[in-house]
Amino acid sequence: MAIIFNEQSKTFKLDTSISSYIIKIYEGGYLLNLYYGRKIPENMIEGFAIRAKNASFSPADSVMGEGDFAPDSAPIEYGCDGAGDFRISAIKVRNHNGDSVTDLRYLSHKIYQGKPFIKDMPASFAEKDEATTLEITTVDKVTNLQVTLVYTVFEALGVMTKSVQIKNNSDKDMFIERAFSLCNDFPKMDFDLISLYGRHYFERKIERRALAHGLQGVESNKGISSHCQNPFVALVAKETDEERGEAYGFNLVYSGNFSALVECDYNDSARLIMGINPNHFSWKLRPAETFYTPEVVCVYSPNGLGEMSRTFHKFYNKHLIKWKRKYEKRPVLINSWEAAYFDINSEKLLDFAVAAKDLGIDMLVMDDGWFGHRNNDKSSLGDWFVNQEKFPDGLTPFIDKVHEIGLKFGIWFEPEMISPDSDLFRAHPDMCVHAKGRAPMLGRTQYVLDVSREDVRDLIWEQLDAILSANKIDYVKWDFNRYISDADSAILPADQKKEFFHRFILGTYDLMNRLTTKYPDILLESCSGGGGRFDPAMLYYSPQIWTSDNTDTIDRLSIQFGTSLCYPASSMGAHVSDYPRAFYGTKADVALWGSFGYELDIRKLTEEQKAEFKGHIAPLLVGLRKSYIHICKWVNFENWRGS
Ligand code: GLA
């Protein structure tokens, strides 16, 4: 059994083939984290005494008395706010008295085979015999707040997931002010923190820094996970490199505002918390209601970053990406964006299709510019009907012709956006995200559509569904091209305004769910100005994600290398473009590392270039990895990450 409860020592031992994780029910019902690391045998647990640490000045529980134990210096499993633990807390709930002291103690637990779903949220999944779950329920006896910590271990892969359920068991409203998915107290702080930072056009560069006393970490408050910080962190030993040393990797399955913070305290221990960013967040929890946090995927590797990365890759391929055809060879595509930008029409795209067929390309993707009266980025988002000037016979005969030529067909949408110059905005100006009395900010000349509202989602889904049901569409590129300001929904009451960001992302998930449920064969590629929403939650719906708007081969080396720290190669959309800094052969070597395609005007290729392009596609896998290693070495990345 991968999870054992020892009645005598009151300890839970959660094992994978590689790691052990130990929780103890301590006196007074405090839950303590005794160990996370290399797999250890059962009889070693007794060695983990709760060491008395410096806690002078830190108060103790009035029943237990001021002995060796103070919450502030103990390895608390899920840190609460206001009850003697002064470190960054994982949870804070304001009760009907108005105070937000939260003090959770053990109530009960259950252990079972398999893994539960998380309500309304993407999460990893498993067959009954692939995972074991432990749920520990804790309670605040004064407020009747009930918090269940959910752990699932995937024995075969060295992976554990954590999420939390927060239930109001009282008869009064409560307000959740912090609800982190993970809290992990490490007994030492001599780790390096690795994160993935960047910006639009240069996502997921690897940054490594030593932990220092105080607070450090990464966050997004832009409404999506963002180009600037990824919801991934690793804590690694000083000596850890690609092949050696301990690495603990944490990836939040969430596409909204997140926070991953580490606090190193006066005892030189380190607490990591990860989850929804409490900034601009609160949640009204009515009696009997439950709030579900997203989950964190935790990977422990005793053998360096390479093993950590490969574990994430295998795990995501098997247990997170839900697309049923995920193991099939992905179609090689030609995308119209860098080939023609907004200047597309049926004639030009059919010429692309003919040229593409000749080269051995599998699919034509019609990117931005096909709908409303969109000829630049200033109009028509929200008007998802075909532009009659560019497609005089309509969409269906055009798509049919693409299929007749022998290609699959893909289409671009940006469902969560609305242009001020659109029929949708003229009819429903209140449907854009805005705060009362303020003109909302523009980003790429567009507003954000308030998909936290069900009526808005219905309206947009009706349009998408009309196109998808009337045509044979094999692929959808789902874009999101600005961050969210003026965060508010016209329909939320004043005491729920801070629910907006989370409700927005739940709205996105609902829309993606509608698409992937009704059209399970469609290959969904998500995108956000390249890789602004490259996170595990998107992977659940979309097996591939456009990695970056930057298609320069040399820049792509480090972007793809950083991305591969936790995301599998197959998830990275990677195209050969006309960006000048490399030969086509090198461009192809680097793009073939991900889910491959072209983004250039293939009508203009010379005969010689055509022959070369045919060669890119034919031998797909063999030999490519070798060239990638070669290129990585050339730019001084010593290793590659495979899978
Ligand atoms: C974003 C995407 C691009 C392209 C454009 C279209 O920038 O990342 O690939 O789809 O939008 O406007």
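Mentor: Gly437 counts as exposed because its relative accessibility is 84% (over 50% is exposed, under 20% buried, in between partly exposed; 1.4 Å probe, protein chains only). You'll find Gly437 in the loop between helix H5 (423-427) and strand E25 (447-448); helices (H or I, at least four residues) and strands (E, at least two) are DSSP runs, numbered from the N terminus. Lys378 sits 59 residues away from Gly437 along the chain, and their C-alpha atoms are 24 Å apart.

Residues are numbered from 1 along each chain as its sequence is written, and side-chain values use heavy atoms, without hydrogens or water. This is a predicted model, where local features need pLDDT of at least 70 and side-chain atom pairs 80 or more, while totals for chains, interfaces and linings use all residues.

Now the barrel: eight strands close up in the order E21-E22-E23-E26-E27-E28-E29-E30, paired in parallel (pairing takes at least two DSSP bridges). From one strand to the next, the twist averages 30° (angles run from 0 to 180 degrees between N-to-C directions, with axes fitted to C-alpha atoms, for helices over the stretch in contact). Strands E21 (333-335) and E30 (595-599) run parallel and share two bridges, with Ile334 opposite Tyr598 in E30. Helix H7 (500-518) packs on the sheet, touching E26 (475-478) and E27 (523-526), at about 170° to E26; contact means heavy atoms within 4.5 Å. Helix H10 (584-591) packs there too, touching E29 (572-577) and E30, at about 175° to E29.

As for confidence, pLDDT (the predictor's confidence in each residue, from 0 to 100) averages 94 over the chain, and 95% of residues score at least 70. Residues 633-643 are below 50, though that stretch has 30 contacts beyond near neighbours in sequence.
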